[in-house]
Amino acid sequence: AKTLGMEDLKALKKAVSEQLTKQHDQVSRDKSKRQILDKLADSISFDLPETLEKDEYNSICKAMNPNAKPENANDLKHDTKNDEPEVDKGMSKAEKLDAAEIAKRRVRLGLLLSEIGRKNNIKVEEEDTRNAMMKEMQKYPGQEKQVMDYFKNNPEAQQQLSGPIFEDKIIDFILELAITKEK
């Protein structure tokens with residue numbers, strides 16, 4: 001225990017127990033969140049805005065397809081019929097279908113969560129974003145100032161932090177209303 005920086009065996013056991021509890025709680029929350037999102041995605045169907053679906057499909061294809069990662073967007077070869085980037089070029093039919101299904105699910109869930117948040121007045125407060133920035137800064141010891149400057153100078157980066165915060169707040173709201181059958 002002392003070689004690990006603990007006072008004694010009792011302190012080590014307590015630290016290990018707290019760490020295991022923390023990990024269990026996180027895994028349980030992730031599982032609950034996944035079940036909620038699956039239930040929402042499977043139980044509600046509606047027509048999606050074509051542009052949102054297409055943009056998400058393109059984003060997913062870029063992540064899945066290394067051939068679609070040029071140095072800049074102008075380097076993408078265009079489909080002459082539609083004058084759109086061929087982000088799925090080189091992907092198999094199954095991969096394209098997977099990307100399309102993932103895109104539909106993401107857009108549907110994004111719209112559903114946004115509506116739940118809007119109807120229930122759920123908002124990301126400035127303090128929430130600030131806390132997320134602090135957590136992000138802790139991941140880069142010694143570079144805290146550069147990370148803070150990055151967030152201050154890039155509103156898009158701050159928006160990327162607020163998206164998951166908003167989603168978590170909505171999941172927390174749903175969990176508060178949920179009747180748990182399994183534990």
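Which side chain meets Lys139 in a salt bridge? I looked this up at the start. The partner is Glu136, with N to O at 3.3 Å. I also checked how open Lys139 is. Its relative accessibility is 56%, so Lys139 counts as exposed. I keep in mind that this is a predicted model.

**Entry: the count.** I asked how many salt bridges the structure holds. I found twelve. Side chains of opposite charge can pair when their charged atoms come close.

**Entry: Asp168 and Lys33.** I looked up this pair next. Asp168 forms a salt bridge with Lys33, and their closest N and O atoms are 3.1 Å apart. I then placed both residues. Asp168 sits in helix α6, residues 155–177, while Lys33 sits in helix α1, residues 9–43. The pair links distant parts of the chain, 135 residues apart. Are these two residues buried or exposed? I get 29% relative accessible area for Asp168, which is partly exposed. Lys33 comes out at 18%, and the cut-off for buried is under 20%, so Lys33 counts as buried.

**Entry: Asp128 and Lys169.** I turned to another pair. The closest N and O atoms of Asp128 and Lys169 are 2.7 Å apart, in a salt bridge. Asp128 lies in helix α4, residues 126–138, and Lys169 in helix α6, so the pair ties together parts 41 residues apart in sequence. Asp128 is partly exposed at 22%. Lys169 is partly exposed at 26%.

**Entry: a network.** Last, I followed shared partners. Salt bridges of this kind join Lys33, Glu167 and Asp168 into one network.

Definitions and conventions. Residues numbered from 1 in each chain as written. Predicted model: local features only at pLDDT ≥ 70, side-chain atom pairs only at ≥ 80, totals over all residues. Heavy atoms only, no water. Salt bridge = Lys/Arg side-chain N within 4 Å of Asp/Glu carboxyl O. Helix = DSSP H or I, 4+ residues; strand = E, 2+ residues; numbered from the N terminus. Buried < 20%, exposed > 50% of the residue type's maximum accessible area, 1.4 Å probe, protein only.
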